Structure formats: structure tokens, C-alpha cells
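Dear colleague,

Please find the structure below, followed by a summary of what was found in it.

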Amino acid sequence: MTVQGSKNAVLPILASTILIAGKTTLRNCPDISDVDCMCRILQKIGATVTKTGHEICVDASGALQSRLPAEEVVRMRSSIVLTGALLGRLGQASFCDPGGCVIGDRPIDLHLKAFARFGCQIRREDDNFLTVFAKRLNGVQIRFPFSSVGATQNAILCAVCAKGETVLTGCAKEPEVVSLCRFLNGAGAKIEGAGSKTIRIEGVKKLCSTEFSIDADRIVAGTYLFGCIGCGGSVLLNQAPWSQMEAVTVAAERMGAQCTVSEEGLFVQAPVRPKSIGHLQTGPYPEFPTDLQSAAMAVLTMAEGISYIEENIFENRFRIAEPLNLMGAQIVLKDGQHAVITGVEHLHGEQMDACELRGGAALVLAGLAAEGESFVTGQHFIERGYENICRDFRELGARITSV
Ligand code: EPZ
């Protein structure tokens, strides 16, 4: 099966098209509801957006409204990145508190501190919107106290057309930061160091029309990789971005899988029964991604032996432990950060509710690996990030339908 384009790469890139007073063409965009939501926001602030299959064209010449629509912003955390783009284009942005998956508090303090460093003022309006504004953005030095993907991206968007040089240290090194910078450089930005802790940006007067192809989704590829380990057999994940997946393939191999990379993508051969993994901890890239922690947990419930998971990014990412235990798993949560999993031979089918994106996909995976039938409700959460999880798993031999 072919891995879809990356959600977390395309969303900030779509947001950043606001900085370009002209046309942008993006290829290999995933057909998911979060992308539709981002396109609706762009349209509501004045951009023209045309979607044809996996290609999206944005003409942001008319994107001149600085107030972001609340209805969409509360649905999607990544809408916060529109703020940096609006500041870069218009010097002003108004927004309500961004929403997103219920995986933790997810404050925006680092974003607001970065805006303030660029010389912005921040005002809370009567309707609880925040307005951030500046006469002119000036290049600055910012040191992030810890890694934040969104805050790094927002600071880059402020800096691209600011006056003078900006140096960001303590930056997130995620591939999605790198692809945003590749996209912006293609439009005329001057950014160096993306993918390292220090990023230097020389402000330019304006960005120009460009075309770009979105990377394949490392989290979707990882979901199907763990699906294969949970269910057995083998799978070729065409176009999987394996060079961005080292921590994931290392974990898969510790579970007993064999991962082979080739020009086509990533080939995974599952073990007869997965092995426990000792200690698995999530962390900022290049460490094991929090977005695959649930999928790994689902597999480890059926592994031989005891595994420990430490979640270091979000404080509410063990919500699937309860439904997995209903399926016969033995997971003990020490606190919101530590889980002990004693592998059992089989899970049994259950009725489950997906209450967030990645946890929902992991419940589907557990249902496929379990004996008997499972029902997962809350499909709309999964559709935020997976084009068609039923189609993909069917292609891999599963019996799964969307009802
Ligand atoms: C991005 O979210 C991804 N979203 C998330 O993917 C991913 O889980 C996360 O990075 C971590 O890899 C998108 O790219 C659209 P952060 P982001 O700022 O940027 C804390 C998925 O399932 N923090 O790197 O919002 C925060 O609470 C999603 O696809 C602050 O305290 O994450 C977290 O503990 C969900 N203050 C940590 O930093 C801030 O101002 C890292 O968050 C900002 C963040």
C-alpha cells in the first residue's frame, strides 16, 4: 500500500501560504478532514482555494482578514500556526483559544512569548479573542526552553519577512519543521539550519509563487507498521519516509519484526508473536514519536513479556488503556506518564469509542488483531488524520468496514 501525504507537514505549509501574495500549488496532500478545515479557514480570511484530488492550489492575494474564524480554530490545534503567517503578512492576527485532540493541556505560552520577542503587543478582547499586532516585525534572537514544533514553526513564519536576521535556538528538529523551511525557501525565504537546534533566518521583502510536494506521513506509515506486527504477516509500505522513522523501526525490531528499506519504501516482516520491549519512551524527534505511542501500546498488550511505556510529551495520552483492558489486556497505569503492560496471548473483540485521532487508530489496530468482532465508534476523529483507514487495512488483508 502507498502511504498518504503527511498531515503535520501539510497543515503548517497551508497556513504559511498566507505569506505569499500569489499562487501556491501543493501536491501529495492527504485527503483528510483537518486539511479541509485548514482550507475553509484560508477561504474565510479571503484566500481562493481549489482542491483537485491530492493537489491543492491556494491564491492568497486576497487573504487580508486578520480575524480567524472561531468555529474552525477550536476544532484544530494547528490553526495556531496561522497566527505567525498572518503577523508576517498583515502585522496583526486575532484568534480564540485553539482546540485539538484531548491529549493534554497544550498551552500556547511559547507561541505568545515568541510573538512578544518579535515586538508584538498582545491584547485580550471583550469576546475573549486574543489580538496580536505589531507595526513592524524585527529580527530577534529567541531561545526556546524546550522543544515545541508549533512554536518553532510560528517563530519561523514571523521571521521570514521580518526586518533583519533572526536566530532561533532550542528549536524542534521534527521533519515537519524541515519541510516547512524547504517550502518557504522554495518561495524565496532565506532559512538555514532547519532540522538542527539552531535556525537562522534572514528576512526577505516578499515571498513568491511556488510549487511543492508534501512528504509521505511517517505517523501513518508507523500505524500500519505496528498494525502488521499486531496482526502478523508482512507489508510493503510504499513511499514510507523511512529515513524519518529510525526510532520507530528500532522499536519494531526490538518487538521481533524485520524492517528492510528499499527504493520503494519500507518492508516489514512481523514476528510470529511480538516480543515485549523493556522500556519505550516518547520524546521530541529523533526520539520515538508520541503520535505512535498508542499504536505501540496496542501491540505490546499481545507481546511476550512485560513492557514499560513512558510518555514524555503529553499528559493525557493513555486514554486507550481502559478499552484495551476491556479487551483482555493487562495495562497498569502508574500515573499519566508511566504504563506497565503485561502481554497476554490474545485480546478479544469489543465495542470501543475512539475519542481522539491516534488513540482511535490504535483501537482499530487492536480490534484487527483481536479474536472475534470489534466495533469502533468516533470514526470522525480518525478521519482527521487518516484518509481511509478501512480501505488501507482492507488492502492489507483485514476484514474491516465503515458502517
Ligand atoms: C505537533 O503538535 C503535532 N501537531 C502533534 O501531532 C504532535 O503530537 C506534537 O507536535 C509533538 O510531536 C501538528 O504538527 C499539527 P508541541 P504541537 O508544541 O506543535 C508543550 C497528531 O496526532 N507546549 O511540539 O502542538 C505541549 O503541551 C498531533 O497528529 C507548551 O507547554 O506540539 C507539549 O507538552 C497531535 N507550551 C510539548 O510542549 C507551548 O506554547 C510539545 O508540544 C507549546 C507547547
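**Ligand pocket**

The ligand takes up the space of the largest pocket (on a 1 Å grid over the protein atoms alone, an open set of points with protein on both sides within 12 Å along at least five of seven lines; a molecule sits in a pocket if more than half of its atoms lie within 2 Å of its grid points). This is a predicted model, in which local features need pLDDT of at least 70 and side-chain atom pairs pLDDT 80 or more, while totals for chains, interfaces and linings use all residues. Residues are numbered from 1 along each chain as its sequence is written, and side-chain values use heavy atoms, with hydrogens and water left out.

The shell around the ligand comprises 23 residues (a heavy atom within 4 Å), of which Asp109, Ser148, Asp291, Ile313 and Arg358 come nearest. Of the ligand's own accessible area of 830 Å², the protein covers 88% (Shrake-Rupley method, 1.4 Å probe).

Helices H1 (7-16), H5 (109-117), H6 (149-160) and H12 (357-369) each supply at least two shell residues (helices are DSSP runs, H or I, of at least four residues, numbered from the N terminus). H5 gives the largest share, with three residues.

Kind regards

Methods: On a 1 Å grid over the protein atoms alone, a cavity is a set of points where a 1.4 Å probe fits but cannot get out, and a pocket is an open set with protein on both sides within 12 Å along at least five of seven lines; lining residues have an atom within 4 Å of a point.
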